[in-house]
Amino acid sequence: MKSHQNKAETGVELVEKVLLLGDISVGKTSIITRFTEGAFYENIANTIGVEYHRKTINLKGKGIEMEIWDTSGQERYQSIAKSFYRGCMGIIIVFDVTSEKSFGNVKSWIEHLNCDADSEVVKILVGNKSDLKDEFSSVDKTEIAELTKECNLVYFETSAKTGENIKDAFEFIALQIYEKLTDFEPRDRRVSLASSKKSPKKREEGEKSDSCCN
Ligand code: GDP
Ligand code: MG
């Protein structure tokens, strides 16, 4: 949002920066395209570097502008620049429900981002390509449940192709971020989560688990 614009002009109360991470071809770009354009492409171009998209949503009567950052999936092998995470409020970790390999890599994505991203960032797990589950063998439900429990993540099974759960996943993370920010900083909602690090409530949450995922 341009600095000279205010809430009255734009209707936007909060800008939320959200990042998608996950292996190549799990459908990160397709998920964003489905959400922002309502479209799906079988032959979508590979993401090169990092791109971002914007979509304004209405959440409980509040205008939220989501700034959604897409990544290529190659970043796991080379640390993402810390500056990239600056101001990042939410992270969606994506795997392909028909790819054991992409699911197996989820943990290393989490470990990777735990080193670089702010610990207060809201994270969710998305298993994409649910429309292919009847056609191909899919990742075991119990394994997904174990991982989400261990890493304290909310899980959404989506299909960028049919649109299943895409809006729900984005609205969920948007609401989580909104609540987190308004909880910490009721007077200034446009503040980075980084400034909320010292909250006693969140420190307790962090103490709940000593697993690598927290
Ligand atoms: P990214 O590398 O993670 O950004 O993945 P893409 O969005 O480029 O998608 C990789 C391939 O998977 C493309 O051919 C997409 O059309 C396909 N794809 C993405 N999401 C889905 C989905 O939900 N269902 C199906 N059947 N194919 C998908
Ligand atoms: Mg992509």
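The shell around ligand 1 is made up of 6 nonpolar, 8 polar and 5 charged residues. Keep in mind as you look that this is a predicted model. In total, 19 residues surround the ligand, and the closest of them are G27, K28, T29, S30 and K161. Among the elements, helix α2, covering residues 28-37, gives the most to this shell, with 3 residues.

From the ligand, let us turn to the sheet. Here 6 strands form an open sheet with mixed pairing, and you can trace them in the order β2-β3-β1-β4-β5-β6. At the edges sit β2 (50-59) and β6 (154-157), each of which pairs on one side only. On average, neighbouring strands are turned by 25° against each other, if direction is ignored. One pair to pick out here is I57 with its bridge partner in β3, I64.

Further into the sheet, follow helix α5 (residues 106-116), which lies across β1 (14-22), β4 (90-96) and β5 (122-128) and runs at about 160° to β4.

In soluble globular proteins, nonpolar side chains tend to be buried together. The largest nonpolar core here has 46 residues, and L20, I91, I92, I93 and I173 have the most contacts inside it. Two or more residues come from each of β1, α2, β3, β4, α5, β5 and α7 (166-184). Of these, α7 gives the most, with 8 residues.

Note on methods:
Residues numbered from 1 in each chain as written. Chains lettered and ligands numbered in written order. Predicted model: local features only at pLDDT ≥ 70, side-chain atom pairs only at ≥ 80, totals over all residues. Near = placed C-beta within 6 Å. Helix = DSSP H or I, 4+ residues; strand = E, 2+ residues; numbered from the N terminus. Nonpolar A, V, L, I, M, F, W, Y, C, P; charged D, E, K, R; others polar. Pairing = 2+ DSSP bridges. Axes fitted to C-alpha atoms, helices over the stretch in contact; angles between N-to-C directions. Contact = placed C-beta atoms within 7 Å. Core = buried A, V, L, I, M, F, W, Y, C linked by C-beta atoms within 7 Å. Buried ≥ 20, exposed ≤ 12 C-beta atoms within 10 Å, placed from the backbone.
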